[in-house]
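Hi everyone, thanks for coming.

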Amino acid sequence: MKTAVAIRLLQSLITNPMKNPLFLGLFCSLILSPKSMGADAVLTADSKKVSAVEYLYADVSDANTILATIDSGLLNSYQGKDRAAWVQFYSERRGKLAKEFESLPTSGLSHGDTSAIAAMRKQMKAFTGGGALFSPAVKCKDSARKDVSYPDLKAALAACFVEIGNSLSFEGGKINRVSALDLLHETSDPSRRKAVFLAFVPLWQAINGNNEPDSPYRRMIAGAAAEGAKDGSEIDNAARDVGIDPAEVERWLVQMLEAWGESSGDVMVEPWDFRFQAGEADRLLETYIPRESLQPINHRYYRDLGADLEQMGTLYDLAPRPDKAALAYTEFVTHGRMVNGAWRPTVARVSAPYERGGLFVLNELVHENGHVVNITAIRNRPAFVDWPSDLFAEAFADVPAWSTYEPLWQRRYLGHESPEQLSLRALYSVVMLDVAWSLFELRMFRAPATDPNALWTEITSRYLHILPHPEFSWWAVRVQLADLPGYMVNYGFGAILTAEMREHIAQTLGPFDTGDSRWYGWLSEHLLRYGSERDTRTLMRDFLGRPVSPQAFLKQIHRLKPISSRPASS
Ligand SMILES: [Zn+2]
């Protein structure tokens, strides 16, 4: 998950204020030298007037993400200012910025300045100034109200993931959603596994009621489709980012699912057995990845890739808290910029609710830190020191993360490995669920009156060989489905870009599953330094030397040897 902007974080009590890590100015990227700085990476505006506005923008942008950091419950002050001081700073500068924007010349500006202004205007729309990041007025129960507005309905459904998803009842205790998904991979007793699966029922009912035509989810997706038709959906954006039309996106998703279906034999499994059957690698390696080893392993891998996350001053907030955001995400704390002729680097923050270790969790942590290295590598003028497209960001984060399921990586970082076939099946079963959700959302957007349980049953039984259970809304385990409808395409379809990037890096720079100290510097220079300046289609075409295609991904799926027959449970 790349951003907190659209997550309506509930205000959490600040119970664990962490000391601000001192800013370490030692970090210096390879690409700072003028020699390797591309000609198009101009770090200042052409017009003095635009430059002043741009630095004001950078202050507002930082205040916005600092307030989000404070409101996440991680800190109660930053750079010596508390929340109230940051709110004041934000609103003063924000007001001034709005005025300065009005006074900018409307013609005679350079091309670079014109696109910088457009980027700032677009990015500012997502600024919340902290206050809107939590909506104490909206609760899960509000999703039952038929008169609730579309934005409030989304917020209410996201609140269900916090209120209900953070405390699922299981065996007389409480577990959170991430742990429950993890237990589905690890629990060997089939009836206990089914009990884990059924622990989600209250969440499913909160999201999709009894699957009636005006269930909360069905009202929400109708709103999402209406908005998407007006402004373009995440699916339309993903199509644009690859340079194909949305109908082609659907065909590529189906191709991905068909390739998996062919590699999976024809034995049908129960939904509570799917993750377990595919997750043998997770179980083999579970004992070697206790929770406290997650960060040391993660840091070591990135150091081997040439990125010292600790030295970068990245903030981590990985422990569960009752009203914390229900999913892992990464966001800017401050945005890198030139200060007195020197680059002051970006500081990033990772938030996650980890109760347990294991490979599934470790893979996600490495994914989040893929976002960290993406944004810390940006070297651009302030207008463009922001996220690239959602599709690119999610796809890139998996470039390092997929290595965790390669036996070579496991041998080096865990001291133990799972056989290749088991590792690949574990990784791509998770990717395939994302592809299935992508197709699910694509079709819900196209026909929002569709019965979601019937659609999910159709997709999962046909391609993933999962037995039909249309009586359960068991698709409703991802926060994004409620909070950011359409977003799943960035994971499922994004896997195509991940496979393309991994293959191209391995062929051009060399394999990196066991590290390569040139990796971060090389990717910064060739792919990451532009930030929000370059559209994904151009970026990928220049990087690959051709348009994106699904072939590299399909090649990965074809590494899987078909399963002839396996028992439905073990
Ligand atoms: Zn992500």
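So, which residues lie nearest the centre of the largest cavity? They are F360, E364, V430, D434 and R478, out of 26 residues that line this cavity. A quick word on the model: it is predicted, with local features needing pLDDT of at least 70 and side-chain atom pairs pLDDT 80 or more, while totals for chains, interfaces and linings use all residues. Residues are numbered from 1 along each chain as its sequence is written, and side-chain values use heavy atoms, leaving out hydrogens and water.

By cavity I mean a set of points, on a 1 Å grid over the protein atoms alone, where a 1.4 Å probe fits but cannot get out; lining residues have an atom within 4 Å of a point. Grid points are joined across faces, edges and corners, and volume is the space filled by probe spheres set on the points. The largest cavity holds about 520 Å³, and there are nine cavities of 30 Å³ or more.

Among the lining residues, 16 are nonpolar, three polar and seven charged (Ala, Val, Leu, Ile, Met, Phe, Trp, Tyr, Cys and Pro are nonpolar, Asp, Glu, Lys and Arg charged, the others, Gly among them, polar). Helix 17 gives the most to this lining, seven residues (helices are DSSP runs of H or I, at least four residues, numbered from the N terminus).

Now the helix pair. Helix 4 (residues 150-163) and helix 7 (residues 201-208) pack at about 175°, axes 10 Å apart (axes are lines fitted to C-alpha atoms over the stretch in contact, and angles run from 0 to 180 degrees between N-to-C directions). Helix 4 is therefore roughly antiparallel to helix 7, a label for angles over 145 degrees.

How values were computed. On a 1 Å grid over the protein atoms alone, a cavity is a set of points where a 1.4 Å probe fits but cannot get out, and a pocket is an open set with protein on both sides within 12 Å along at least five of seven lines; lining residues have an atom within 4 Å of a point. Helices (H or I, at least four residues) and strands (E, at least two) are DSSP runs, numbered from the N terminus. Angles under 35 degrees count as roughly parallel, over 145 as roughly antiparallel, 65 to 115 as roughly perpendicular and the rest as oblique.
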